[in-house]
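Please look at the sequence and the model together while reading this short report.

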Amino acid sequence: MSTTTAPRTQVALESLDVSAFTIPTDEPESDGTLEWDSTTMVLVEAHAGDCTGLGYTYGDVSVGKFVESNLVDVVRGRDAMSVPGSWAAMRHEIRNAGAQGVGSMAMAAVDTALWDLKARLLDLPLASALGAFHDEVPVYGSGGFTSYSDERLARQLGGWAAQGIPRVKMKVGRDPQRDPKRARVAREAVGDDVELMVDANGAYTRKQALYWAQRFAHDFAVTYLEEPVSSDDLEGLRLLRDRAPANVAIAAGEYGWDIFYYQRMLEAEAVDIVQADVTRCAGITELLRISALAKARCLPFSGHCAPALHAHAACAIEPLIHLEYFHDHVRIEGMLFEGTLEPVDGALRPDLGRPGNGLELRRSEAERWAV
């Protein structure tokens, strides 16, 4: 008689725990359109069998309330091995409560926890459970906030270049007349061999964006311009894609809540690079669908922020070119979790010796920031 343990095929989800933590930034930060001095993470812990899966999003504490009031009862008792089934049940439930914005972020926190739980129940790393195309995820260092002094800007971007990260991104657009000096500081800090990327966070009008795309490319060898206009302005993004210098890629998508937005964006031929954020687009289940749309259009895909949460999922995205190694989220994830990854030669390589996403909550540290 075989003594091999039978694989788990059905395990009922027992419970979800929801927490929120607000952590101050290390100094005030701003981009082209927003200022902030703290970041809130909403964490979901999903329990089944003898395992706990971790998932989270970055948003207001109301996201946690939404999980508790709209989603907990929907998924409790469902098969923890059937994550897409739970995703569909959640989406159906919140039709009237609102499936975008807070609703989508709430679903993201639960969905990422459920995928982590499934992988742990199978005793597999999440990348393997999802089916990996890649064994590592190239990253770009991201920060360079408009509130930074020139010295802090140079130190941060130059530090990433010194670590072997071959691409860095800075914020622009809050004070456009100051940006040429800032871009010069950045270029001098990283040298000629590192790709310099800029992100306007929708701060420009269409004509402004055309001007700055030309200037950044000509004067500072910028090769990537993110959200030159609002992600809602698909015609404007298409204009930029058509008329920006040929060596400047136009990227957008971080505020896409669901696959339907991405379908419209791709039908408009609005971007050269498709972005999506697993903490906003309703989780890994929807992230993989969005990446398939990019593949079908022969477009590259870039993951937005939350590197500890994206790392395994990004391995399962065939058209992936890179993942944002965002300063705030790197700092918070390192504070709250054991098992976060450090870039080596400009890439994150998931630890295949740890089940799930490899993260374990530093509970005593997290409780310091609980809200």
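Strand S4 (residues 137-142) and strand S5 run parallel and are joined by two bridges, and at one place Gly 141 stands opposite Val 168 in S5. Strands here are DSSP runs of E with at least two residues, helices are runs of H or I with at least four, and both are numbered from the N terminus; two strands pair if DSSP finds at least two bridges between them. The model is predicted, so that local features need pLDDT of at least 70 and side-chain atom pairs count only at pLDDT 80 or more, while totals for chains, interfaces and linings use all residues. Residues are numbered from 1 along each chain as its sequence is written, and side-chain values use heavy atoms, with hydrogens and water left out.

Five of the five residues of S5 (residues 167-171) are buried, so this strand is largely enclosed by the rest of the structure; buried means under 20% relative accessible area, with a 1.4 Å probe and protein chains only.

Elsewhere, three strands form an open sheet with the order S1-S2-S3 and antiparallel pairing, in which S1 (15-30) and S3 (51-58) are the edge strands, each pairing on one side only. S1 and S2 (residues 35-48) pair over 12 bridges in the antiparallel sense, and Ser 15 has His 47 in S2 as its bridge partner.

Methods
Buried < 20%, exposed > 50% of the residue type's maximum accessible area, 1.4 Å probe, protein only.
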